[in-house]
Amino acid sequence: MADDPHKTIYVLNGPNLNLLGTREPETYGHATLADVERLCVETATRFGLVAECRQSNHEGVLVDCIHEARVKGVAGIILNAGAYSHTSIALHDALMGVKIPTVEVHISNIHARESFRHHSFTAKAAFASICGFGIDGYRLAITGLATKIGATTDTKTDITAQA
């Protein structure tokens with residue numbers, strides 16, 4: 001973890017995201033959770049940030065991670081709460097309570113899927129929501145979060161990343 005918590009962001013992934021790469025690849029693609037975490041770490045580094053990635057299938061563990069983020073003073077949260085986005089008032093309340101800039105991410109386009117996925121409690125507690133870009137949505141979310149919190153691109157790293 002970073003020595004400066006104000007340069008740390010939490011990337012929180014909810015239920016079933018540990019199955020990425022094998023679960024419904026026609027919807028979620030073939031990338032694994034390890035691929036997502038690698039993408040997040042690399043993208044955060046471009047902005048001088050450290051991405052701390054976690055995944056849990058348990059709602060209360062995710063709530064605890066959000067509370068911990070406040071205690072540790074992290075700069076922001078990227079949250080893919082999976083199915084909990086559509087059901088969890090507890091995650092909504094945790095995000096509202098900590099007041100940390102948050103971006104909600106969904107790999108698939110939740111609005112093009114079953115109607116029960118169209119509503120998101122967690123989106124109402126985030127400053128932005130990204131869906132439908134596959135795992136690249138995480139890169140977009142971190143870029144947007146970095147802009148929101150005033151993190152600047154490391155030009156040397158950024159040029160290397162584009163090569």
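Look at strand β1 first: T8, Y10 and L12 point one way, I9, V11 and N13 point the other way, and all are buried (under 20% relative accessible area with a 1.4 Å probe and protein chains only; over 50% is exposed, in between is partly exposed). That makes β1 (residues 8–13) mostly covered, with 6 of its 6 residues buried. Keep in mind that this is a predicted model, where local features need pLDDT of at least 70 and side-chain atom pairs count only at pLDDT 80 or more, while totals for chains, interfaces and linings use all residues. Residues are numbered from 1 along each chain as its sequence is written, and side-chain values use heavy atoms, with hydrogens and water left out.

**The sheet**

- 5 strands form an open sheet in the order β2-β1-β3-β4-β5, with parallel pairing (strands are DSSP E runs of at least two residues, helices are H or I runs of at least four, both numbered from the N terminus; two strands pair if DSSP finds at least two bridges between them).
- At the edges sit β2 and β5 (128–131), each pairing on one side only.
- On average, neighbouring strands here are turned by 20° against each other, direction ignored.
- β1 runs parallel to β2 (residues 50–55), joined by 6 bridges, and Y10 has E52 as its bridge partner in β2.
- β1 also runs parallel to β3 (residues 76–80), this time through 5 bridges, with V11 opposite I78.
- Further along, 4 bridges join β4 (residues 102–106) to β5 in parallel, and V103 is partnered with A128 in β5.

**Helices α2 and α5**

- Helix α2 (residues 33–46) lies across β1 and β2, running at about 160° to β2 (axes are lines fitted to C-alpha atoms, for helices over the stretch in contact, and angles run from 0 to 180 degrees between N-to-C directions).
- The axes of α2 and α5 (residues 136–149) come within 9 Å and cross at roughly 25°.
- The two helices are therefore roughly parallel to each other (the cut-off is under 35 degrees).
- V36, L39, C40, T43 and A44 in α2 meet D136, Y138, R139, I142 and T143 in α5 (contact means heavy atoms within 4.5 Å).

**H92 in helix α4**

- H92 lies in helix α4 (residues 89–98) and counts as buried because its relative accessibility is 19%.
- Leaving aside neighbours within four places in sequence, H92 is in contact with F121, T122, K124 and A125.

Note on methods
Parallel < 35°, antiparallel > 145°, perpendicular 65-115°, else oblique.
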